[in-house]
Amino acid sequence: MEQLALIVPGMWADHHVIAVRGLFRDAEDIQVTGASAMDATLCLEYDPATTDPQKIAAQLEQAGYAVGEAADAANSPTDKPEWLTAGVRVTATDPADLTMSGDHRKY
Amino acid sequence: MSRYIATRAIRGAQGMVREAEEAVNAALVELGPDAPVAFTNTAYYLPVIYAFTGEKVEKLGDLPAIIERAKNLLHPVPSNNMWLPYLGETLDSGIATLFAEEAMEGARFARGTEPQVIKLDHARADGARFTGGDLGVHGDKMKLNGPIDDIQLRAWGIQLVDGRMPGFCAIVGCAKSNEVAVKIVRELQSRGILIFLSGNVNGRSIIHQLQEEGIQLGYDTFTVPFGIDTISAVYALGFAARSALTFGGMDAGNARKIMLYNKYRVFAFVLALGEVDDLKYATAAGAISFGFPTIADTRIPQILPTGVTTYEHVVSMPFDEIPGADDMERTEKLIQRCMEVRGVKVKIAKVPIPVSYGSAFEGERIRKDIMYAEFGGKRSNAFEFLRMKPADEVEDGKITVSGTDIDGMEEGGALPLGMVVDVSGRKMQTDFEPILERQFHYFINGVEGIQHNGQRDIAWTRISKSTFGKGFRLEHFGKVIHARIHEVFGNIVDKVQVHLTTDQAEVDELIEVARVAYAERNERIANLTDESVDTFYSCLLCQSFAPNHVCVINPERVGLCGAYNWLDCKASYEINPTGPNQPVAKGLVIDAEKGEFSGPNEYIYQNSNQAVERVTLYSIMEAPLTSCGCFEAIMVLVPEANGFMIVSREDPSMTPCGMTFSTLAGTAGGGMQTPGMMGMGKYYLTSKKFISADGGMKRIVWLSSNLRESMRPALQEVCEREGMPDLLDKIADETVATTVEDLLPFLEEKGHPALTMDPLF
Ligand code: SF4
């Protein structure tokens, strides 16, 4: 078996993990070894005698889970600003929040 | 505020709203706008949406407006070079997420794909079922619970208010191992915390883990599997929102009040197990708006106190870094931290037995296939008896066992069992004997792997194989009783000794002694009338949820929840003189027929925040008692029939007034006084004072069949007492009438007395 790691930006929450794992549930030549919604990564093992990364990617794409680039993992509708009707808003914030936020900016 | 969390939560909200919009649109195309959208058995529509906006979503066509509302709450993710204080944006996104998740679940319900049915990769080899209620494992499939229904919400009401259930924990994800998953649940259960399960990590959910380990899931064990994705975690917030509507009497649409109610009164928190993805952050942001913090067992940024929750908002406790000798100790510390972060006050019963103990085990079922031995029931006789003795005849902590112990029994065997408990105490009274004895049911049921039913000489106890395997023996029953009596009744009991016997001759001899005492007690209680006392008692327990509600409990009427009678309150006052049960002097009789007295009037005015000025104890038509949220049944005027109907909490059917129990309860509950509508404890039906000012039992024209059948012998006695032995069968139920049009001909055909009684108004 060969190993393969793919970025699947559409797998951004755990209901997508179930859907993606379900795609390969009954496949004998593909075994999902890990699916992370946190970083949209899908790790699998496949039998090179019967399938290959292109076929796997095509299968994923057909189910609505196109393989993408790492940067796409952060994909969100922000790229369509008209979809955001509220826009940026000024909020009154507890001063304690401001004081403490510094500690966590490293994230 | 962490920029990382804000980014992830806002991004998750955007994704969720977009997906909900797609799902709703697809469902609209497929099923049409009139396709019904309804969660299981609730009067609160899609509860988070209803609570926050007042919008009643009933069909698919109602959902696009909700999606628009959710969109209006969205914000762009924080940019890389401009760090604004984004707490407000994050919280908005959290609410948008909850709206979208609920809309998504609504669309799933419309399609019939909720509650989820999951496939089990590792179904138990023995094929045993470990779920309660409707939950079930069939082959390698398991049907999950989905949202909590209103019946259950109300049934838990009394436990929420009296502190047996101090809060709830929404677990999202998957624990480090099955062993840790079980330990987490046991730790929470032993504190009486209600547990909601949802979400997964890498496709694996804590629901899978608990199922594989044979942990009973369902309402009975306080451990409810919602679904294996994070979307279903919205049911936990729906539960919280409905608590405010049901018990707090809040109006739907009053989002701010509902959020504050939850912050101060509902002790809930989220426990995120395993990696946290965008949707989990977004959902957690929604929970934070309710005042519920999130504790994660992985490394994530923290959000320290800023006032939205009481203490920290997000706490990270990477599991492997928690100091501790092993994973079990680490789990204990994790749960302990959860309690601190939410400020949950828990009384843990410390009982020296080899298995876990807590009120969450009260509902466990021990089926034959997992039973090791039983006492009582069909195959043997068993009884429990508590008596007061002089101090010099009781040796505290003495536990004696005679006859064969459990380890001398064959697997699956049955033996008789007698349990005689002697107590002494300066403040103990004979009147309190039955009160203490009645608690044995709860005390014993709290043991993991024990099922106890009945009381007195119809007690029946089963012990599971695993509890026996962990070393549980007969003396442990004594230890449980000894420890719990001291803990709960420490103010009135000084010494407790317990004798247990499985010796048939001794059981037969002692049971006769007990029966004489049971008969004397029955007599005493029968002679206890409102006229024979000059003090009633109050119960203010439900004020933690319904601030204006006051129960006045007289000897001839139990509290609405059915859990407290006059003697209970009297004992409770002795135990805790500053507690929720206070003596209420009867004072002057203002109207003997309606049961209006000056004492209760003054008390209720002072203790209902001056919201209620007077109360009559024997009438529903004039100044009836207020109704909280956890009443066992509700009585409602049916003007066309010149009588009343009584709907039980367990009855989901439609009633002649055009509303189900849930809707009716929503109308009358929350601490309001509503003439013509009143919550009640079901045993009030058997009282001589049962709406005696309005005509008593003869006014009942409709009664839920489950109440009638479960209480038939007692109700029959009432009918005979009223001089109409055939009255019970003149009363309609949901099988014959769910509309007034069906009800009236039935009553006429049966010649129901209400039709010819004086007009009610
Ligand atoms: S007696 Fe009344 S106030 Fe007390 S717990 Fe029951 S319903 Fe609530």
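Here is a short tour of some stops in chain B of this predicted model.

Before you start, note that residues are numbered from 1 along each chain as its sequence is written, and that chains are lettered from A and ligands numbered from 1 in the order in which they are written. Because the model is predicted, local features need pLDDT of at least 70 and side-chain atom pairs count only at pLDDT 80 or more, while totals for chains, interfaces and linings use all residues; side-chain values use heavy atoms, with hydrogens and water left out.

**Stop one: aromatic rings**

Select Phe168(B) and Phe196(B). Their ring centres are 4.9 Å apart and their planes meet at 45°, so this pair is tilted. Rings of Phe, Tyr and Trp (its six-membered ring) pair if their centres lie within 6.5 Å; planes under 30 degrees apart are stacked, over 60 edge-to-face, and the rest tilted. Phe168(B) belongs to strand S4 (residues 168–173) and Phe196(B) to strand S5 (residues 194–198), 28 residues apart. Helices (H or I, at least four residues) and strands (E, at least two) are DSSP runs, numbered from the N terminus.

With Phe196(B) it makes an edge-to-face pair, 5.2 Å centre to centre and 70° between the planes. Phe239(B) lies in helix H9 (residues 234–246), so this pair ties together parts 43 residues apart in sequence. Phe168(B) and Phe196(B) are both buried, and Phe239(B) is buried too (under 20% relative accessible area; exposed is over 50%, partly exposed in between; 1.4 Å probe, protein chains only).

**Stop two: a three-stranded sheet**

Next, show S19, S18 and S20 of chain B, which form an open antiparallel sheet in that order. Strands pair if DSSP finds at least two bridges between them. S19 (551–553) and S20 (583–585) are the edge strands, each pairing on one side only. Strand S18 (residues 535–539) and S20(B) share three bridges; pick Phe536(B) and you will find its bridge partner, Val584(B), in S20(B).

**Stop three: a buried aspartate**

Finally, select Asp733(B), in the loop between helix H22 (712–721) and helix H23 (740–750). Is this residue buried or exposed? Its relative accessibility is 7%, so Asp733(B) counts as buried. Its side chain makes a polar contact with the side chain of Arg708(B) at 2.8 Å (a pair of N or O atoms within 3.5 Å; within protein, one must be able to donate a hydrogen and the other to accept it, and residues adjacent in sequence count only if both atoms are side-chain atoms).
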